Amino acid sequence: MSKQPYELPDFYVPYPARISPHLEGARAHSKAWAHEFDMIDVPQAGKAIWDERDFDSHDYALLCAYTHPDATGPALDLVTDWYVWVFYFDDHFLELYKKTQDLAGAKAYLDRLPLFMPVEGPITETPDNPVERGLVDLWNRTVPSMSPGWRQRFVGTTEALLAESLWELTNISTGRIANPIEYVEMRRKVGGAPWSANLVEYAVNAEVPVEIAHTRPMQVLSDTFSDSVHLRNDLFSYQREVETEGEVNNGVLVVERFLGCPPQQAADLVNDILTSRLHQFENTAVTEIPPLLAEHQIDPQGQLDVLAYVKGLQDWQSGGHEWHLRSSRYMNKGGKAALGGPTGLGTSAARILSSLISTAPFRVRSHSFAPHPVGPTPMPEFYLPYAAKLNPHLETARANLLAWGDRVGITDGVIWDAEMLKGFDLPLCAAGINPDATPDELDLASGWLAWGTYADDYYPVVFGRTKDMAGAKATTQRLSEFMPIDGPITQVPANGLERSLADLWVRTAGPMTVEDRRTFRAAVDTMTESWLWELANQFQNRIPDPVDYIEMRRRTFGSDLTMSLCRIGHGRSVPPAIYRSRVVRAMENSAADYACLLNDVFSYQKEIQFEGEFHNAVMVVQNFLGCDRDAALAMVNNLMTARMQQFEQLVTVGLPTMFDDFGLADDVRQTLLGYAGELQNWMSGILVWHRGCDRYDEPSLLRRAGKPLSEPVKTFRIPHGATGPGTSAAKTYQLAGTRRMDGAR
């Protein structure tokens, strides 16, 4: 290879790497296994994917011996075979489909692979290439010792790894580079680390109890593990992928193009994100897992299994790092990662102290928030290519909402009064989101927006100031009980929060099917439960990790609530699998992120100065990058622009391609195009509302706080010389802050 494009950064590696005593046995076994299934020196479509020298130099047995140091010999053999298979699949797919850009052949190839992973029953399909034959052998050797729940999860992560390879191939064929939010989200699916997390359960002989397998804390452990594994791999593989293979799906390249910065600065920032994800992993393991086990009454063996799983994920991080430093597959010469301390077996522990010291300032900064004056936020020029429309019944809806608020008790002066409800003008938002709604539909939409906004204000006032997590959880549980799936409401409302929800539920759920009620209640529950996450961070005074923040912001904003109402309104014409497809989910997430970030820009002064609230994207970026408000604001606006451009690309290219891939009927196509139009109205309506209500402007904030108009104030800045994740790239962000980003090139 040519000269490295950058020096490897100083990685955060807080756990010592250990190695299995069964390494040599796994090496011999995996090589024999690869030969048996024609993965070495056997041409595929005229070209051998690996020769023996390739296989030996990659040393997948060393990877598995490092990442699963406590596995038994037979378990390590099987896990190593799985990794041989997945790396062979990756290279096989590269040669046959990525390099040739054969989308049709790739889709047919990937569609067959799930046939060799039945959750129940025998495999009935006949394999006809090394990938398929290897998968048959591995599946039959693995599933007998694992539960149906684990099999289902493993099938899901394996199918995601395989199917989303088409996303990578599409990007390569069009030369499209993803935006940072999209990249992290998709890399998690296609990169294989969630699949690796499942194999950790097998290797340590400890399954995650089914009762908690799909809870947020366990998902965060898997997601933070996955993001860290993938970003680390991107840092080591940039030269091979970008310079040799023409790959565009690499985190360093994504950041490099998004910011318009040199590879070294991009690599440093990617490493900062990696570090932040590992900090999130540690915080979740320490603060969220113990109460989760207690809440679900997990028995002692189940608790030990979870602890073994967490330890297994930690071992994987450290062991994977050591392997990347040694494998010929990667760029691993020079830089702090390779030269910052002793090398060789057993010396990884020497790097732990420097890892902890170098990241300590960021940890301290993340827990040091205090309310402070910031002044009015200068509004950037938002990129929104869709014209806003307003419902003609707006004035009637305004009057009706004020009467409704008085009737259900949300304007009693405790959280809101009538003047606040009037000034917040939620019917203006509803009229933009639903320009064609009937008067009754507009009243109902206004009511849901008012309830969600009121409840969002209620939680920090009632539970945040007293740090009453038990009370918040009890209220969240009670709110769910006012949304029965079948039958009448049996609880008696105790306050305006509950009375308003009960009223809205009866008016909304009445015409719905049982399945639609279940879907809609889950959307409301998702929003209310996300407010508990905000409270937990407030109690720790912890500004969240940027990736976790973006993903949770969709929930705290109530995005799924309004989108689910749209989907339910479409009736049964669209198959549920289409709503779960990558294109539709990406369209929804890009729209949600745009709206959430827009809200954060408008609410920055309200939250930081007046409420002491730090769940705001501008503040999260400030904290992560160690930059001032204006640089963070410009970066948030750039992310909004990138997400909007992705939304446009999905509507104009992604949806038509999906229509053809699935062979959808004309009525389904029209419904989905109509849904895209509804999301466009949703975004434009939300912008109109933010500009037209009095919830965020300084005079209204001061009036509600009982204070006179303030003098101009300087914006808050991170102290000069701040260090830790993000600060190495802060200047890059400030330089790139005003650039208009185009995620297509």
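Predicted model: local features only at pLDDT ≥ 70, side-chain atom pairs only at ≥ 80, totals over all residues.
How many salt bridges does the count come to? The answer is 47 salt bridges.

**Stop 1: charged pairs**

Select E132 and R112. They form a salt bridge, with the closest N and O atoms 2.7 Å apart. Now colour the helices that carry them. E132 is in helix α6 (residues 130–142) and R112 in helix α5 (residues 103–112), so this pair, 20 residues apart, links distant parts of the chain. Check the surface at E132: this residue is buried, at 1% relative accessibility.

Next, select E395 and R398. Their side chains meet in a salt bridge at 2.5 Å, N to O. Both are in helix α18 (residues 394–408), 3 residues apart, so about one helical turn separates them. E395 is exposed, with a relative accessible area of 53%. R398 is partly exposed, at 25% relative accessibility.

Go on to R704 and D694. Here the side chains form a salt bridge at 3.6 Å, N to O. R704 belongs to helix α32 (residues 698–705), and D694 to the loop between α31 (666–692) and α32. The pair therefore ties together parts that are 10 residues apart in sequence. R704 is partly exposed, with a relative accessible area of 30%. D694 is buried, at 18%.

**Stop 2: a charge over a ring**

Select R695 and F424. The charged end of R695 sits over the ring of F424, 4.8 Å from the ring's centre.

**Stop 3: the largest nonpolar core**

Which residues touch the most other members of the largest nonpolar core? Select W82, Y83, W85, W451 and L672. That core has 229 residues.

Zoom in on W82 and W85. Both lie in helix α4 (residues 73–98), 3 residues apart, about one turn of the helix. W82 is buried, with a relative accessible area of 1%. W85 is buried too, at 0% relative accessibility.

Now show what surrounds Y83. Leaving aside neighbours within four places in sequence, Y83 is in contact with L63, C64, H68, W195, S196, L199 and W316.

**Stop 4: aromatic pairs**

The count comes to 42 aromatic pairs. Select Y6 and Y238, one of them. This pair is tilted: 5.3 Å centre to centre, with 55° between the planes. Y6 lies in the segment before α1 (23–36) and Y238 in helix α11 (residues 216–244), so the pair ties together parts that are 232 residues apart in sequence. Both Y6 and Y238 are buried.

Return to W82 and W85 for a contrasting geometry. Their rings form an edge-to-face pair, 5.8 Å centre to centre, with 90° between the planes.

**Stop 5: cysteines**

How many disulfides does the structure hold? It holds 0 disulfides. A disulfide needs the two sulfur atoms within 2.5 Å. C261 is buried, with a relative accessible area of 8%.

**Stop 6: helix α20**

Select residues 426–433, which make up helix α20. Is α20 mostly covered or mostly exposed? Mostly covered: 8 of its 8 residues are buried. They are L426, P427, L428, C429, A430, A431, G432 and I433. What do these buried residues pack against? Show α18, α19 (418–424), α21 (439–464) and α31 around them.

**Stop 7: a glycine in α31**

Finish at G677, which lies in helix α31. Is G677 buried or partly exposed? G677 is partly exposed, with a relative accessible area of 21%. G677 and V651 are 26 residues apart in sequence and 9.3 Å apart in space, C-alpha to C-alpha.

Key:
Residues numbered from 1 in each chain as written. Heavy atoms only, no water. Buried < 20%, exposed > 50% of the residue type's maximum accessible area, 1.4 Å probe, protein only. Core = buried A, V, L, I, M, F, W, Y, C linked by side-chain atoms within 4.5 Å. Contact = heavy atoms within 4.5 Å. Phe/Tyr/Trp six-rings, centres within 6.5 Å; stacked < 30°, edge-to-face > 60°. Helix = DSSP H or I, 4+ residues; strand = E, 2+ residues; numbered from the N terminus. Lys NZ or Arg CZ within 6 Å of the ring centre and 35° of its normal. Salt bridge = Lys/Arg side-chain N within 4 Å of Asp/Glu carboxyl O.
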